[in-house]
Amino acid sequence: MIGYSNYFYRVTILARWLLLILLTVPVLAGVVGVVLPAFGYFPAIGANAVSMDVFARLFALDDAAEMIALSLTTGAASTLIACLCAFSLLAVFYRTRVLSWLQGLFSPFLVLPHAAASISLLFLLSPSGFFARLFTFDSDAIPSSSQSYFLFDELGLGIVLALIVKEVPFILLMALSVMSQPLIKEKINGYFNVGVSLGYSSISVFFKLILPVLYPQIRLPLLAVLVFAVSNVEIPLILGPNNPSTLAVAVLHWFNHIDLSMRLMASAAAVVQVGVAAVAIGLVILIENILAWLGERSWLSGKRTFGDDGLKLLSLFVVAGYAVLVAGTLFNLVLFSVAQHWPFPQVLPSGLTVLHWQSVLEAALEPIINTLILGGMVSLTALVLVLLALENEVLGSFNRAPDKAHSYQSNAGALLNIALFLPLLVPGVAFLYGLVWFQQIALKNAVWFHVYIAHIVYVMPYVFLSLAIAYRKLDSRYAMVAQSLGKSPIRVFLSIKLPLLAGPIMVAFALGLAISFSQYLPTLLATGGAISTVTTEAVAAASGSSMRLSAAYVIIQAVLPLVGFLLAWWLPGVLFTPRKVQINNKTTSPQPFRGS
Amino acid sequence: MRLHAWGGSAQVNSYLQWVAQQVESKYGIRLQHVKLADTSDAVSRVLAEKAAGNNSNGSVDLIWINGENFAAMKKHGLLVQNWVNDIDNFALTNPEDNPAMITDFGEPTEGMEAPWGKASMVFYYRKTHLEKLNLTVPKNIHELMQFAQQAPGRFTYPVPTDYLGISFVKYVAIALNQAQSELFYAPVTPSALSQITPALWQYLDQLHPNLWQKGEYFVRQASKLQRMVGSGELSLAFSFTAAEIPSAVERFDLPLDIRTYSMSDGSLANVHFIGLTFNSANKAEAKAVVNFLLSPEAQAKKQRVQVWGDDTVLAMSKLSQAEQALFSTTQSHPSALDKTQSTLLFAEPHTSWTDALRQAWEERYGARY
């Protein structure tokens, strides 16, 4: 038995290393391909002198500072507002059934890729959009030609809005998956009972007692959200201003510039983009500290409420806002995808047709299959590696002397956390180009392999972050009891932990699928377009002239991951309800000590 | 076999699907249309391959290009030279007597790319909007200014990094400088540029505050223009493919009240091409595909409004009676361009003007990304 368990332990070590390598090697190789040109070294165009010239040229641009500021303000503002919204929703509804209903309400925007979500908002908010139609009563009216707020405005309000709409569901999902862990759940219930019995309102209990338990567990995913918000390309491209645009958009533009010497500028800007992300993180850490200090004062103040009315109002506003957006989006997208002519200001199209769906489905069958194969392979790999690596953390601490175990854990943990954040910190367009360069040198025909690697770099962190919380918080007494009953670590892993974690595992898998489905640049750059996915087709359609085809593609982009999440929520309940496990144990293992 | 081509038009995409079926059944060639959002993505890729030493097994075989993308590929040696003379049907374009077939924006093609289709700039508008706003159709550059001033926010043009955007700037530049139009057909010089810009800036300075979003925001892609005319946010726009307009009406993407016309003071015109990359592993198959693209059958199908409506590059004088008959379909869609009217055409300026005008524009109005 010992040999067997050691074998399993070695497998988990291997998985951990493989995970580290898969996360770091592609990104670091890509980074080399960015940092060198940033300092003026790019032999392909005859640039060999290492200097700071490129940075000097970048900062000499009139609007460099404005672009950096726009990236920072939109990213930071949206993340902070999204946190406020998500936490106030949790505070108001965390003890009620409303939460599970909210998850349903939010799911469309959770699964919609960023580009698709932006297109949907554009459909709703433009002067000829659905909301304008609802409030135009003159049937001969033509759409307003005045400037619209939230679209292309200088402050980037449209970007902020779209980011918030995407972020709130994600933060909520992360928080709920932490709060559903048995240990945390117990703690929360305990705190709640104490707080309420001392006369604190449930909202103030949440902010004073529960959030301090919850926050450290979702801090990493939150920072990932923040980094994405300051460096993403899709949303500012579709909704943002271009006088100037955000820095990330400029990076993309310079990388795609026909004048290849602009690659140098693009690389320097990509390096600056990493700095912008770092500043944003610093800013949030500062705000955390201020809030922690304020929080201590509010503990001592003894006040039994916590801006309850304001937060309730905010929550209602957020819920109502989502209800309107989701209903409007669904109505609009579905109708547009089947609409004949639909003149303004009519609320309904003049007729229906399947023409657009015919065009899309004719063209999209192969991309859909590619998307599913790729997403399935990538998510499955990520899931297996992440589970084994997490198990390795547990086994690692058992297999070492107690004093050494701690430092092993913290060192390995720190290394892993850095690795996890690498792909989320470096703008994709930058390191992916470097990656393509290296992929061209080695194995240039293995297109599926390259795109698989490019996707795994993005999928792995999310699968890890989403699963780690649940895994690390799994009540270790289950495993201890099983082991004391003679089960080997591998049996504990397979028959105790995996079934107990069925819910989070399925959610992580579905998340992996959704992340893989939504990748545009990694797919396009790694395959050179040889493998088309739903998202590459959708972005091409979004750059095209037909709103109707765009609508159909957005629907496909939403439906694919949604099916994944629905299965993830539904299947564990069917397969692994605790009662069934109990019955199974009774019927199939009459001799609990039979084990090894 | 991979053909890398912009994938934003349903008509072009379905035409290429038909091409793929044809070459598969005729020659057993499997043709894949790689849909690009931006053609320069593919140019970058071929360059990356060259930088990495991939000289014989590239991922791009054929690429749909013209103008700057061609100039960049030519400059970096990314295309095969003189391959078009191996294409039987290339002779049907009558290249000896038709320099437009071997000149891409003033740049000699040196046999690196085969002509595929041609286009000239047309304008289109919402008839009901103009009636409601009590406006007449602007027929020249000066009437366009009056239109913009009387109906602020109802017209715009894309950023000059977009093909149609820079084309609009060129149209304005040429139309306002007709007395010295010979300047445009030689490589640009600082003095030539300074001769044509005063009139151009005066015009654009006056036009911009009357554009959509007050000229603060310029759309990134030409296709957005068609969307916004379709949704009614714009009342007037322009395009390089006259035939895409009636076919967009047929597909419900543009409303029924759309009318198409050409400016009476001249329309910018050019040819678009198919290039063969230096590191294609399937050169023989690629040539067979290009030969098919230049066949009277494929060209006639492409010219049909219901399909794509892209004008043929074949010279009718080189075709047999039966082949000519393929092209003579009657087209009378209310939204289509009236082809019986003769139009004055401006040839594309020398390719060096594109960069010069764009840079000057960006210096004056700010680079838009």
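**Helices, domains and strands**

Mentor: Start with two helices of chain A: the axes of helix 20 (residues 502-518) and helix 23 (residues 547-575) of chain A come within 9 Å and cross at roughly 170°. Helices (H or I, at least four residues) and strands (E, at least two) are DSSP runs, numbered from the N terminus. Axes are lines fitted to C-alpha atoms, for helices over the stretch in contact, and angles run from 0 to 180 degrees between N-to-C directions. This is a predicted model, where local features need pLDDT of at least 70, side-chain atom pairs count only at pLDDT 80 or more, and totals for chains, interfaces and linings use all residues. Residues are numbered from 1 along each chain as its sequence is written, while chains are lettered from A and ligands numbered from 1 in the order in which they are written.

Trainee: Is helix 20 of chain A roughly parallel or roughly antiparallel to helix 23 of chain A?

Mentor: In general, two packed helices are described by the angle between their axes and the distance between the axes. Here the crossing at roughly 170° makes helix 20 of chain A roughly antiparallel to helix 23 of chain A. Angles under 35 degrees count as roughly parallel, over 145 as roughly antiparallel, 65 to 115 as roughly perpendicular and the rest as oblique.

Trainee: Which residues of helix 20 of chain A meet helix 23 of chain A?

Mentor: Among them are M506(A), F509(A), L513(A) and F517(A), and the residues on the helix 23 side include L560(A), F565(A), L567(A) and L571(A). Two residues are in contact if their C-beta atoms, placed from the backbone, lie within 7 Å. Ala, Val, Leu, Ile, Met, Phe, Trp, Tyr, Cys and Pro count as nonpolar, Asp, Glu, Lys and Arg as charged, and the others, Gly among them, as polar.

Trainee: What are the domains of chain A?

Mentor: Domain bounds come from an automatic or database domain assignment. For chain A it gives domain 1 (1-51 + 354-596) and domain 2 (62-348). Their centres, taken over C-alpha atoms, are 24 Å apart. The contact between them involves 49 residues of domain 1 of chain A and 44 residues of domain 2 of chain A.

Trainee: Which helix gives the most to the side of domain 1 of chain A that touches domain 2 of chain A?

Mentor: Helix 23 of chain A does, with twelve residues. That side of domain 1 of chain A divides into 38 nonpolar, eight polar and three charged residues.

Trainee: And what are the domains of chain B?

Mentor: Domain 1 (2-117 + 272-327) and domain 2 (122-268 + 344-365). Their contact takes 15 residues from domain 1 of chain B and 14 residues from domain 2 of chain B. The centres of these two domains, over C-alpha atoms, are separated by 27 Å.

Trainee: How many residues does the contact take from chain B and from chain A?

Mentor: In general, the size of an interface is often given as the accessible area lost when the parts come together. Counted by residues instead, this contact takes 59 from chain B and 53 from chain A. Helix 2 (39-51) of chain B gives the most to the chain B side, with nine residues. By class, that side has 20 nonpolar, 22 polar and 17 charged residues.

Trainee: Which residues is D41(B) in contact with?

Mentor: D41(B) lies in helix 2 of chain B. Leaving aside neighbours within four places in sequence, D41(B) is in contact with N256(A), L524(A) and L36(B). D41(B) counts as partly exposed, with 19 C-beta neighbours inside 10 Å. A residue is buried if 20 or more other C-beta atoms lie within 10 Å of its own, exposed if 12 or fewer, and partly exposed in between; C-beta atoms are placed from the backbone.

Trainee: How many residues of strand 1 of chain B are buried?

Mentor: Five of the five, so strand 1 of chain B is largely enclosed by the rest of the structure. R2(B), H4(B) and W6(B) are on one side, with L3(B) and A5(B) on the other. Five bridges join strand 1 of chain B to strand 2 of chain B, and the two run parallel. Two strands pair if DSSP finds at least two bridges between them.
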